[in-house]
Amino acid sequence: MIDVLVIGGGNAALCAALMAREAGASVLLLEAAPRAWRGGNSQHTRNLRCMHDGPQDVLVEAYPEEEFWQDLLKVTGGQTDEKLARLVIRASSNCRGWMRRHGVHFQPSLSGALHTARTNAFFMGGGKALVNAYFRSAENLGVQIRYDTPVADIELQDGRFVAAHVPAREVQGRHLPAERIEARTCVLAAGGFESNRQWLREAWGQNERGEWPSDNFLIRGTRFNDGVLLRRMIEQGADTIGDPTQAHMVAIDARAPLYDGGICTRIDCVSLGVVVNRDGQRFYDEGEDFWPKRYAIWGRLVAHQPGQVGFSVIDQKALGRFMPPVFPGATADSLEALAGLLGLPVQAFLETVHAYNRACQVGTFDHTRLDDCHTVGLEPMKSHWARPIDTPPYYGYPLRPGVTFTYLGLRTDETAAVHFDRRPSPNLFVAGEMMAGNVLGKGYTAGVGMSIGTAFGRIAGTSAAAAAGHEHPEKENRHDRATA
Ligand SMILES: Cc1cc2nc3c(=O)[nH]c(=O)nc-3n(C[C@H](O)[C@H](O)[C@H](O)COP(=O)(O)OP(=O)(O)OC[C@H]3O[C@@H](n4cnc5c(N)ncnc54)[C@H](O)[C@@H]3O)c2cc1C
C-alpha cells in the first residue's frame, strides 16, 4: 500500500509530495487536470511573500516578522489564527533554499510590479516554471504521478483516511474504470471551489434586481478547482473555517476567457481615471489608496453593480503609467464616441465625466505617492490622482469580477491535520487553498497564497510521512505530533 496519497497538482500538493518523498515515504499524487493543464492556480502565480531581516538575494532591505504579521492582521481585519499565521511567516523566511534545491529559480521584482521588491520573491519563468520544476523533481525522486484523475470522494472511518474514490471516466477516447485507492495517509491539496459555478451561485444568491451575480464572474485560474472534495469533507463532518462568499476577487477585463485568463487580464488603470457602471455612473473612490493596496476590492465592487459590469475610462495622460492589459482598450477621439463603443448611455456618461472634471482640484500629480489631486463636492469623491479626463484619445476597458480563489476551507492546526469535532485526524492532512482561510479569513496581501501553500504543503507532507512511519531528515521541518 502507498504510504502517502496526495490529492491535487498545484504548489501545496507538490510541496507535500516532495517532503513526504524526501522523508522516505512512497508517494502517489493524483491530479484532476490533464498534464498540459497541471499545476492549478499555482501555474498562474508570480511570487511569494517572504519575511527577511536584511537584504537577501532577490529581496531588498528587510521585511521583519512583525511587519508581515501586522500586514496580515490589517488585511484580514483580525480574521486570522495568529499561531498558524506566524508559522507561515517564519517558514517564508527559510523555504527558498529548499525550493531552489527542487529547481525553482528566483528573480528580482519587475519594475511596474506591485511595489514588491522588498516583500516578494519572484519566480523566474513564473508559476508555470515553478510547477514544472517541482513535477520534474518529484518524478526524479520517484513520486508516482497520475493526471486526468479527479478524486470524487474520500472514504473515512472515525476521522481516519481509508481510501480515495475516482469515478469512471473517458480520457482521450479511452474508458477508465472507477477506482478505490487506499493509502496509509493522505494530503488534501485540491484548491478552493472557485470553478464550481453552482456553488458560487448558492454562496452569492440572487440580488435585489433578480440577478444571480456569480453567473457573470470570470475565474482567473484553473477550471479544475471545483470544490468537490471540500464539499464531501464538509458533508462528512470535517470542521470548516471561513465564509463561502469570501474570495479574492479582482476587476479584470470583461473580454477575458471564463477560466485561466491569468494575470494579463488585470486592468490596472483604475486609479488613473474614472470607473462607471453600465448606467454611466461612478460608484467608488478610484483614488482611495495605492492601487496595489486596493486592487483586490474592485472585483467585489463591480460584482455589486447592475449586470456585474464596470468600465474603466482614462485619457491619453494615463498612458505609460500602468501595466498595459493584453487586449487593447476601446479608443475614441471624443467621449461621445467612446460611450458608443462601450455601449454606455451617452448623456449619463457625459454628465458623469463633466461633473468629475469640474470637481478636480489642480494639484501636483504624482502617481508614486498619495498626491494632492482630489475632487471637491463630488459623490463619491476621488481622493488622489484626480485629473480631468480631457485629452484625447480616450480609452475604455470593460470590467468583470474575476475570482482568484475562495476562502472557505477546512480547519487545521500546526501539523496540518484535518479536524473532526475539534479532534485532529491521525492520518488526513490539508494544505493550500483548502485551508488558507485559517490564516486569511478575508482580504489579501500579494504573495501570501504561495507562502501559505508552501509552508502548509511542506508541513502536511512531513506530517503525512511521519504518520506512515517516515521521519523527515531535516530536523527543523520535523513535526512532533505529540505537541500538536
Ligand atoms: C491569476 C492568478 C495569479 C495569482 N498570483 C499569485 C501570486 O503571484 N502569488 C501568490 O502567492 N498567489 C497568487 N495566486 C493565488 C495562488 O494561485 C494560490 O494561493 C495557490 O496557488 C494555491 O495553491 P494550491 O496548491 O492550494 O492550489 P492550486 O494551485 O489551485 O492547485 C489545486 C490542484 O488541485 C487539483 N484538483 C482540484 N480538484 C481535484 C480533485 N477532485 N482531484 C484531484 N485533483 C484536484 C487541481 O487540478 C490543481 O492541480 C494567484 C492566483 C491566480 C488565479
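These legends describe close-up views of a predicted model.

In this predicted model, local features need pLDDT of at least 70 and side-chain atom pairs count only at pLDDT 80 or more, while totals for chains, interfaces and linings use all residues. Residues are numbered from 1 along each chain as its sequence is written.

**View 1. The length of helix H3 (residues 82-94).** Helices (H or I, at least four residues) and strands (E, at least two) are DSSP runs numbered from the N terminus. The expected span is 1.5 Å times one less than the number of residues. H3 has 13 residues and should therefore span 18 Å; its end C-alpha atoms are 19 Å apart, which agrees.

**View 2. The buried and exposed residues of H3.** Leu84, Ala85, Val88, Ile89, Ala91 and Ser92 are buried (20 or more other C-beta atoms within 10 Å of the residue's own; exposed means 12 or fewer, partly exposed in between; C-beta atoms are placed from the backbone). Seen down the axis of H3, the buried residues fall within an arc of 165° and so line one face; the arc is that of the directions from the helix axis to the C-beta atoms. The face turned away from the buried side carries the exposed residues Glu82 and Lys83.

**View 3. The packing of H3.** The buried residues of H3 pack against strand E3 (47-49), helix H2 (65-76) and helix H12 (448-467), with contact meaning C-beta atoms, placed from the backbone, within 7 Å.

**View 4. The two domains.** The domain assignment, which is automatic or from a database, gives domain 1 (2-192 + 227-242 + 407-483) and domain 2 (249-402). Their centres, taken over C-alpha atoms, are 36 Å apart.

Methods. Contact = placed C-beta atoms within 7 Å.
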